[in-house]
Amino acid sequence: MGNELTEFEAKELAQVQTAPLAIELQRAEIDTQISTARAYPRQLALVARNVHSLVTLDEESAEECMYALPRGGKPIKGPSARFAEALLQSYGNCRSAARVIKIDRKEKVIVAEGMFHDLETNTMTTATVNRRISGRGGNIFNDDMIVVTGNAACSIAKRNAILAGIPKPIWRKAYEAVESTIAGDVTTLAENRDRAMKAMAMHGLTAEQVCEILGKEGLEDIAVNDIPTLRGMFQALKSGETTKEELRRTASKTVEPPADPLKALRTRKAESSQEGLSSATNGMDQELREAKGQDTHFGQAEGGEAACPPTEETRGTGDDPLSEGATGIWNQLDSEDRKSLDEDSKAILKDLMEDLAKVSNSKAAKNALTGHQKSIRAIGEQSFIELCQAAVSIRCAQLEGGK
């Protein structure tokens, strides 16, 4: 009687014995798969041919094999989850899986982890993906939407793990073939463009909104090389990688430069001069000098010491002075970046800083940058774009600090 186990103790012992058994079974399964993989190694040339055939089987298959998301004024394109699935099947002798590893309701994110295991080389690659689980108002999704978001995150994480684990030289040509198949040529442009617009309309995006996202004036401006981007955006919407709201939020960053940037810039400056903006700025600066007894030329610090002496190299547009607020922004920009500016760049930056000096909140500061996007993009230099963004960040910091 004393040696008999109670029902609770028997269940506890069974659980302890089951855990090692499950581990041993999984280990034996993986060991068997590794042994089989090494006995029948893959042929890389055959893998490359097979994946190429699968992803270009027809135009619809090719469309599902890429995604596109507009970011920072240009689309980010890449192989989709469907492409990764075709690659995984063609590569062979491998394992892949994904799972949700964390649901953080406090930070409002869900974290998924993808895994790829090459059985021939016994190497493993993992990738994690974070997705927000809150809407515009900051409210947490309901349970069903959290599940949907988790599935989308797992799909992306698994894709990233597969693409990272399989060498790119094996699948690069197949992906290039996908882009070529989707793009078509000039003879099919009109048809492909109409199909793309109908597909985007299924997700609630009008033709005008699509053109805005792409930075195009109208449908006629959409060229052959824009078709893969359009189809990629549709697939990203379809797979849940993005939403139409996220796409539209990037529209202000996607601006097509004018055909003659410098001509457009000079026209805008002439119009500003006709409106009397230059004389108004000079008058305001004169009042500041009379009130404070200090020089406020371009590059003059608030304390009267020149952070950037008003020589021909640093004055900006000739002898045009800056307001006190704009000078405060100018003095905090990197001195080396300021010295590298040409006359046109200085003129654009001066106008931007004057507008920033007038705003009273961070949202208005960012809107000011949006208003100057065409002129900024017209310069065509990434360093200048970053300098303008730095000016906005400086003004936002001033506003948040109560300056």
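## Helix H4 and its neighbours

Axes here are lines fitted to C-alpha atoms, for helices over the stretch in contact, and angles between N-to-C directions run from 0 to 180 degrees. In this predicted model, the axes of H4 and helix H6 (residues 168–183) come within 12 Å and cross at roughly 140°. Angles over 145 degrees would count as roughly antiparallel, so H4 is oblique to H6. The crossing of these two helices is right-handed.

On the H4 side, Phe-83, Leu-87 and Tyr-91 take part, and they meet Ile-170, Trp-171, Ala-174, Tyr-175 and Val-178 of H6. The contact of H4 with H6 comprises eight nonpolar residues, with no polar and no charged ones.

## H4 against H5

Helix H4 (residues 81–91) also packs against helix H5 (residues 143–165), with axes that come within 9 Å and cross at roughly 45°. H4 and H5 are therefore oblique to each other, and H4 passes H5 in a left-handed crossing.

H4 contributes Ala-81, Arg-82, Phe-83, Ala-84, Leu-87 and Leu-88 to this contact, while H5 supplies Ser-155, Arg-159, Ile-162 and Leu-163. By class, the contact of H4 with H5 has seven nonpolar residues, one polar and two charged. Phe-83 and Leu-87 of H4 are listed in the contact with H5 and also in that with H6.

Strand S3 (residues 94–104) pairs with strand S4 (residues 109–118) in the antiparallel sense, over 10 bridges. Cys-94 stands opposite Asp-118 in S4.

The two strands form a hairpin with four residues between them. In the turn, Lys-108 has a positive phi of about 60°.

Note on methods:
Residues numbered from 1 in each chain as written. Predicted model: local features only at pLDDT ≥ 70, side-chain atom pairs only at ≥ 80, totals over all residues. Heavy atoms only, no water. Pairing = 2+ DSSP bridges. Parallel < 35°, antiparallel > 145°, perpendicular 65-115°, else oblique. Left-handed = near helix turned anticlockwise from the far one by under 90°. Contact = heavy atoms within 4.5 Å. Nonpolar A, V, L, I, M, F, W, Y, C, P; charged D, E, K, R; others polar.
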